[in-house]
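This report goes through a two-chain model, topic by topic. Please keep the sequence and the structure in view while reading.

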Amino acid sequence: MKGRCPAEGKWHALVDGEVPAARAAVLHRHAARCTACGRYLAELRSLGRMLEVCPDVPVPPRLTASLLALADRAPGGRPGPAVGQWLVVASLATTLFAVRALVPLPVGTTGGWDRALPAAFEALLTLGRTGRLVTEALSAGRQPLEWAALTASVGLVMLARRLAEMWGRFPRGEER
Amino acid sequence: MTDPLRSRFEAAVHEHQQAVFNLARRMTGSDHAAEEIAQEAFLRLWRAMGRGVEPGPATRAYLYRTAMNLGRDRGRRARCELAGGCAAAPHPPEEPEAKMLRRELEWKVREAVLALPTAYRRVVVLRHYHGLTYEEIGAILRWPVSLVRNRLFRARRRLRQLLHGVWKEAGES
């Protein structure tokens with residue numbers, strides 16, 4: 001193909017039927033008089049034909065039966081709650097807790113940046129961990145329930161640690 | 001009285017099972033994996049329908065996308081368990097030699113498609129085996145049309161390299 005010939009991508013679009021009729025006619029005329037482009041177009045068509053040697057196979061009858069039986073799974077023909085929504089809720093809860101660690105300590109309590117900085121670091125770690133879990137859960141074909149449980153457990157651990165910290169940090173009752 | 005939700009699900013199974021099964025089969029190279037993927041994809045569809053988020057006219061795109069995502073983590077080098085692999089499809093009666101040559105060609109083509117990187121294999125399967133347009137492929141894979149065009153272009157270039165020997169043999173015979 002020479003400099004004035006259409007780009008290779010144009011020929012791909014032509015064999016895929018993605019070129020308007022008027023433009024297709026121009027390309028066909030060019031292919032008829034340009035040996036290199038004509039050969040390239042023929043090769044592309046030949047590749048398409050070669051791929052077609054592997055036709056569709058029929059679905060095994062047992063698969064059809066098991067697919068139809070899926071409708072029997074949920075009680076009353078209706079599936080259970082949306083697991084994906086729980087995943088989002090668990091992730092949000094974890095994230096909120098992580099963000100909570102960044103909020104400055106209440107007035108009257110001891111501490112300051114010396115406590116806030118480690119908390120912020122911990123929060124960032126948790127955010128990273130949660131983000132990774134959620135990304136993997138959404139991208140991979142794994143059961144969302146497993147990931148929801150994992151994410152929620154990370155959130156619960158964070159919650160427990162934060163509560164323990166706050167319990168020790170805030171003076172109680174008459175001590176205030 | 002028939003449950004309308006169930007009826008719609010059964011209609012979707014009858015309409016799309018063949019395409020979903022074959023799509024998964026071409027993505028993984030394994031009949032067993034393809035059956036599992038089809039099962040999981042339709043289960044997700046059923047759950048979505050139960051939640052009231054029925055894809056409706058986009059059911060095909062929903063199933064294809066789910067099957068593609070599920071197939072991503074499967075071992076791509078798994079071979080067809082069915083005797084003869086692709087040749088399990090019905091063909092007109094042939095002479096033994098012609099049959100052998102055709103099976104060899106099928107095997108080489110299947111291997112070449114499986115040897116493509118996943119992103120390239122996806123566009124090749126959707127374009128060549130399911131006859132989808134660039135726009136439809138983009139909608140399923142959530143890619144812009146320009147990316148579909150680019151990946152298809154690169155995938156074909158790679159296929160031409162992988163099938164170079166086969167091409168020459170086919171041209172000579």
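## Aromatic pairs

In this predicted model, the count of aromatic pairs over all chains comes to 2. One of them joins F9(B) and F42(B): the ring centres lie 6.4 Å apart and the planes meet at 80°, so the pair is edge-to-face. An angle over 60 degrees is what places a pair in that class.

F9(B) sits in helix α1 (residues 4-28) of chain B, and F42(B) in helix α2 (residues 31-50) of chain B. The two residues are 33 residues apart, and their pairing links distant parts of the chain.

## Salt bridges

Over all chains, the model holds 12 salt bridges. The interface of chain A and chain B accounts for 6 salt bridges.

Which residue of chain A forms a salt bridge with R160(B)? The partner is E43(A), with the closest N and O atoms 2.2 Å apart. This pair crosses between chains, running from helix α7 (residues 145-162) of chain B, where R160(B) lies, to helix α3 of chain A, which holds E43(A). Another salt bridge joins R62(A) to E35(B), and here the closest N and O atoms are 2.5 Å apart.

## The interface of chain A and chain B

Chain A brings 43 residues to the contact, and chain B brings 52 residues. About 4500 Å² is buried between the two chains, and carbon and sulfur atoms give 61% of that area. Of the area that chain A buries against chain B, 15% is supplied by M50(A), L51(A) and V57(A), more than by any other three residues.

Polar contacts are also found across the interface, in 17 residue pairs with both residues at pLDDT 80 or more. On the side of chain A that touches chain B, α1 (8-15), α3 (35-51) and α4 (61-69) of chain A each supply at least two residues. The largest share of that side, 8 residues, comes from α3(A). By residue type, the side of chain A that touches chain B divides into 23 nonpolar, 10 polar and 10 charged.

## Confidence in chain A

The average pLDDT of chain A is 72, and 48% of its residues score at least 70. Within chain A, confidence is highest in helix α2 (residues 21-33), at a mean of 93, and lowest in helix α6 (residues 113-139), at 63.

Residues 75-81 of chain A have a pLDDT below 50, and this stretch has 12 contacts in the model beyond near neighbours in sequence. Residues 172-176 of chain A also stay under 50, with 2 contacts beyond four places in sequence. Where pLDDT is low, the predicted coordinates should not be read in detail.

## Confidence in chain B

For chain B the average pLDDT is 82, and 82% of the residues score at least 70. Over residues 76-88 of chain B the pLDDT stays under 50; the model has 40 contacts beyond four places in sequence for this stretch.

Definitions and conventions
Residues are numbered from 1 along each chain as its sequence is written. Chains are lettered from A and ligands numbered from 1 in the order in which they are written. This is a predicted model: local features need pLDDT of at least 70, side-chain atom pairs count only at pLDDT 80 or more; totals for chains, interfaces and linings use all residues. Side-chain values use heavy atoms; hydrogens and water are left out. Contact means heavy atoms within 4.5 Å. Buried area is the accessible area (1.4 Å probe) that two parts lose on being put together, summed over both. A salt bridge is a side-chain nitrogen of Lys or Arg within 4 Å of a carboxyl oxygen of Asp or Glu. A polar contact is a pair of N or O atoms within 3.5 Å; within protein, one must be able to donate a hydrogen and the other to accept it, and residues adjacent in sequence count only if both atoms are side-chain atoms. Helices (H or I, at least four residues) and strands (E, at least two) are DSSP runs, numbered from the N terminus. Ala, Val, Leu, Ile, Met, Phe, Trp, Tyr, Cys and Pro count as nonpolar, Asp, Glu, Lys and Arg as charged, and the others, Gly among them, as polar. pLDDT is the predictor's confidence in each residue, from 0 to 100. Rings of Phe, Tyr and Trp (its six-membered ring) pair if their centres lie within 6.5 Å; planes under 30 degrees apart count as stacked, over 60 as edge-to-face and the rest as tilted.
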